[in-house]
Amino acid sequence: MTMKKTEFTFPSASKEPVDIHAFCYQDERREPVGIVQITHGLSEHMEGFEDLISFLTENGYICTGMDLLGHGKTAGPGCTGITPDDTNKAIWKDMLTLYQRLHAEHPELPYFSYSHSMGSVMMRAFLAMYAGQVDFQGCFFSADSHLPAFGHKLIVPANLLGRLLTNYKKDLAKRRATYTYQDYGQHPPIIKRILFFWLSFDQQHIKDYINDPYSGGATLFNLVTFVVKALSTFVLADQKGWAEKVPADTVYHHGCGRWDIPGFLGKGPGMVHRDLEAAGRKTELHLYQNSMHEPFGERKVRDQFFADLLTFFNENNPLLK
C-alpha cells in the first residue's frame, strides 16, 4: 500500500482541555488533484472509512478528517458519546479549524466534502454557518435526513438535560478505567445484531461495526446524552431558511440508501434535496436500491457507490476540466 497516513492533534474549541485527533491520507505516487474533508457519523470514526479513503487517494485526492468530540481516538475506546457540555458550539469550530489547516497547506487544490449520517447533518449546518469563510467545489452526503424545523426550540432544554445527567470529566475517567474490549469475532450476541440490523444488508459489515471498540463499544446512555448535548449541531441544519444560507456556487449530491430507516426510506434526503432545489442550489439525488444506512458497507452497491463518489468529485474539479 502506498497510501501515507498522518495522524495529528490540535486543541478543540471546547473549554475543556481536549485534543482533537485528526488524520490526513495521501497516495504519494499520485500528483494530488484535490482535498476531501470527511465527516463521520454518530458512533463512528475516521479509521472506519479507510476503504473509501484508500480508493479516493488512489485517484489523487488527499483525504482528511477528525474524530469528532466524543468519538474515536479523541474520546478513546469504549468512550464514544462522552463529550464536553459545550460540544454543540465547539464541534463546528473544530471542523473549521481542520478546513483552514488543510486549505492553507494546499491552497492550489480544490476542496470537497464527504459526510455521512450525523456528519451530513452537521456539514449542512456548518455550510450555512460559515458560508462566507469556506469554499467547497462539491459536497457529497450519504445517510442524510431531514429534521423538524421546530427542533431548534429544544436546544436549550436538551443541553441543560445533558448537563444534569452527566459529568464529563468523571464519566470519561470512569469509563476509561472500567472499559474492557471484547472481540465477538463472527458470533456477536443476537441482541447486538438486532440492534444494528438497520445499518446494512451485509451481515459482515454489522459484525465489524459491533467488534469495533470505537463504534460497537459505545453505550446507549452515552449516545443519548451526546445527542441532547449536541442537539444544535443536528437541528440547525433544517431550521427555516437553512438552504438559502449555504454557498450558492457549491454542487450538492445525496447518495443514500433506498431502505435507510433513519432516512425514512429515502424521504429524508429527498426533502433536503427539494429544500436545496427550491433555494436555487445545484443539487443531485440518487437512492441506492440495495442499500440501507451505509452504502459504503453494502457488498452489492459498494463499488458503484465508490465510483459515483469519484465521478462527482472529478466532474466538479476545475483541475480536471
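These notebook entries record what I looked up in one predicted model.

**Entry 1: ground rules.** I noted that this is a predicted model in which local features need pLDDT of at least 70 and side-chain atom pairs count only at pLDDT 80 or more, while totals for chains, interfaces and linings use all residues. Residues are numbered from 1 along each chain as its sequence is written, and side-chain values use heavy atoms, with hydrogens and water left out.

**Entry 2: the sheet.** I looked up the strands (DSSP runs of E, at least two residues; helices are runs of H or I, at least four residues, and both are numbered from the N terminus). Eight strands form an open sheet with mixed pairing, in the order β1-β2-β4-β3-β5-β6-β7-β8. Two strands pair if DSSP finds at least two bridges between them. Because β1 (3-11) and β8 (282-288) each have a single partner strand, they stand at the edges, and one side of each is left without a neighbour in the sheet. On average, neighbouring strands of this sheet are turned by 20° against each other, direction ignored. Angles run from 0 to 180 degrees between N-to-C directions, and axes are lines fitted to C-alpha atoms, for helices over the stretch in contact.

I then looked up one pair. Strands β3 (residues 34-39) and β4 (residues 61-67) pair in the parallel sense over five bridges. V36 stands opposite C63 in β4.

**Entry 3: helices on the sheet.** Helix α1 (residues 50-58) lies across β1, β2 (19-27), β3, β4 and β5 (111-116), and runs at about 45° to β2. Helix α12 (residues 267-278) lies across β7 (251-257) and β8, at about 165° to β8.

**Entry 4: two helices together.** I looked up α3 (residues 87-105) and α4 (residues 118-129), which pack at an angle of about 75° with their axes 10 Å apart. That angle makes α3 roughly perpendicular to α4; the term covers 65 to 115 degrees. In the contact (heavy atoms within 4.5 Å), I91, W92, M95 and L96 of α3 meet M122, M123, A125, F126 and M129 of α4. By class, this contact has nine nonpolar, no polar and no charged residues. Nonpolar means Ala, Val, Leu, Ile, Met, Phe, Trp, Tyr, Cys and Pro; charged means Asp, Glu, Lys and Arg; the others, Gly among them, are polar.

**Entry 5: pockets.** A pocket is an open set of points on a 1 Å grid over the protein atoms alone, with protein on both sides within 12 Å along at least five of seven lines; a cavity is a set where a 1.4 Å probe fits but cannot get out, and lining residues have an atom within 4 Å of a point. Grid points are joined across faces, edges and corners, and a volume is the space filled by probe spheres set on the points.

The largest pocket has a volume of about 790 Å³. Of its 32 lining residues, L42, S117, W198, V227 and P262 are the closest to its centre. The lining divides into 18 nonpolar, 10 polar and four charged residues.

The second largest pocket has a volume of about 460 Å³. Its lining has five nonpolar, seven polar and 11 charged residues, and α8 (203-211) gives the largest share, four residues.

**Entry 6: cavities.** I found three cavities of 30 Å³ or more. The largest cavity holds about 40 Å³ of space, and its lining includes G81, Y168, D171 and K229. The largest share of that lining, three residues, comes from α9.

Methods. Angles under 35 degrees count as roughly parallel, over 145 as roughly antiparallel, 65 to 115 as roughly perpendicular and the rest as oblique.
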